[in-house]
Amino acid sequence: EDAALARIASRIRYGSLVGCAPSSNGTLTYTDNAAPWFDMSLISRLGRQEADRLKSENTRSWQDMLFRMAGLAFNGEEYWIDRPRGMPSPEPDLVGLETRAGPRWPAKRWPGFDHLEKQLRNDGCHVHRFSQRPTLEAHLRQVARCAAVVTGDSLTMHLALALQKPTIAIFTCTSPNEIYSYGRLKKIVSPLWKRYFYTTENTAAPGAAVAWDEVHRAVRDSLEGRS
């Protein structure tokens, strides 16, 4: 949904275009074959209210939708990621905690990480809180060290899934249905997620509705190989 990228794409010689494109009046639009995805977006032709309704009710993963946009069927294909050489091996009982969220959706932050970390340490687990790194590769190496990862709906979640880590993801204000689990993602969904759907408000309310002991049980089950 980037106007500059859409202009570049429209100027390239192609057989068919899928996705965003500049309209004749200079605004950003999208191709009909991409409508199932972009009808739910900020540039939806249907308006913001209908876009939000469609997105909150959508049950298809983003992988399934992107594959269909390209005329393909999604059959659980894994993330295609370039793994740098010398990636660290997982450290037993090391749990990675992604406590951060970007400024656009601060409600993604979950306020229970301090309680969770304390209990995990009492269990004898080692805990690593992710922090800013200078490159994506450096962050990927942080994730690779972990035996399991607890996160919100974030880049770290996608990297953990790409590295085939047991992952616990807490959904507070974004759609859990759009994320394909690959049989290793445990989704913990706030009962308030639809009330705060894609809110830009800096509120802890949807995260506070998720009990830390529920997340703790999910982490222990993942470390012990239980689904």
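User: Over which ring does the charged end of K55 sit?

Analyst: The charged end of K55 sits over the ring of W37, 4.7 Å from the ring centre. A charge counts as over a ring if NZ of Lys or CZ of Arg is within 6 Å of the ring centre and within 35 degrees of the ring normal. R45 is placed over the face of Y30, at 4.1 Å from the centre of that ring.

User: What sort of model is this?

Analyst: This is a predicted model, in which local features need pLDDT of at least 70 and side-chain atom pairs count only at pLDDT 80 or more, while totals for chains, interfaces and linings use all residues. Residues are numbered from 1 along each chain as its sequence is written, and side-chain values use heavy atoms, with hydrogens and water left out.

User: With which residue does K55 form a salt bridge?

Analyst: Side chains of opposite charge can pair when their charged atoms come close. A salt bridge here is a side-chain nitrogen of Lys or Arg within 4 Å of a carboxyl oxygen of Asp or Glu. K55 pairs with E178, and their closest N and O atoms are 2.6 Å apart. The two residues are 123 residues apart and link distant parts of the chain: K55 is in helix α3 (residues 48-57), and E178 is in the loop between β6 (167-171) and β7 (185-189). Helices (H or I, at least four residues) and strands (E, at least two) are DSSP runs, numbered from the N terminus.

User: Are E178 and K55 buried or exposed?

Analyst: Buried means under 20% relative accessible area, exposed over 50%, and partly exposed in between (1.4 Å probe, protein chains only). E178 counts as buried because its relative accessibility is 7%. K55 is at 11%, so K55 counts as buried.

User: How many salt bridges are found in the whole structure?

Analyst: The search finds 16. One of them joins D64 and R60, at 3.1 Å from N to O. D64 has a relative accessible area of 12% and is buried, whereas R60, at 24%, is partly exposed. R184 forms a salt bridge with E78, with 2.5 Å between the closest N and O atoms. This pair also links distant parts of the chain, 106 residues apart: R184 is in the loop between β6 and β7, and E78 is in the loop between α4 (62-69) and β3 (94-97). R184 is buried at 16% relative accessibility, and E78 is partly exposed at 37%. Salt bridges with shared partners join D114, E117, R121 and R129 into one network.

User: How many aromatic pairs does the structure hold?

Analyst: There are 10. F67 and F74 have ring centres 5.2 Å apart and planes at 70°, so this pair is edge-to-face. Rings of Phe, Tyr and Trp (its six-membered ring) pair if their centres lie within 6.5 Å; planes under 30 degrees apart are stacked, over 60 edge-to-face, and the rest tilted. F67 is partly exposed at 25% relative accessibility, and F74 is buried at 13%. The rings of W193 and F197 are also edge-to-face, because their planes are at 75° with the centres 5.5 Å apart. Both W193 and F197 are buried.

User: Which residues form one aromatic cluster?

Analyst: The cluster consists of W62, F67, F74, Y79, Y180 and Y182.
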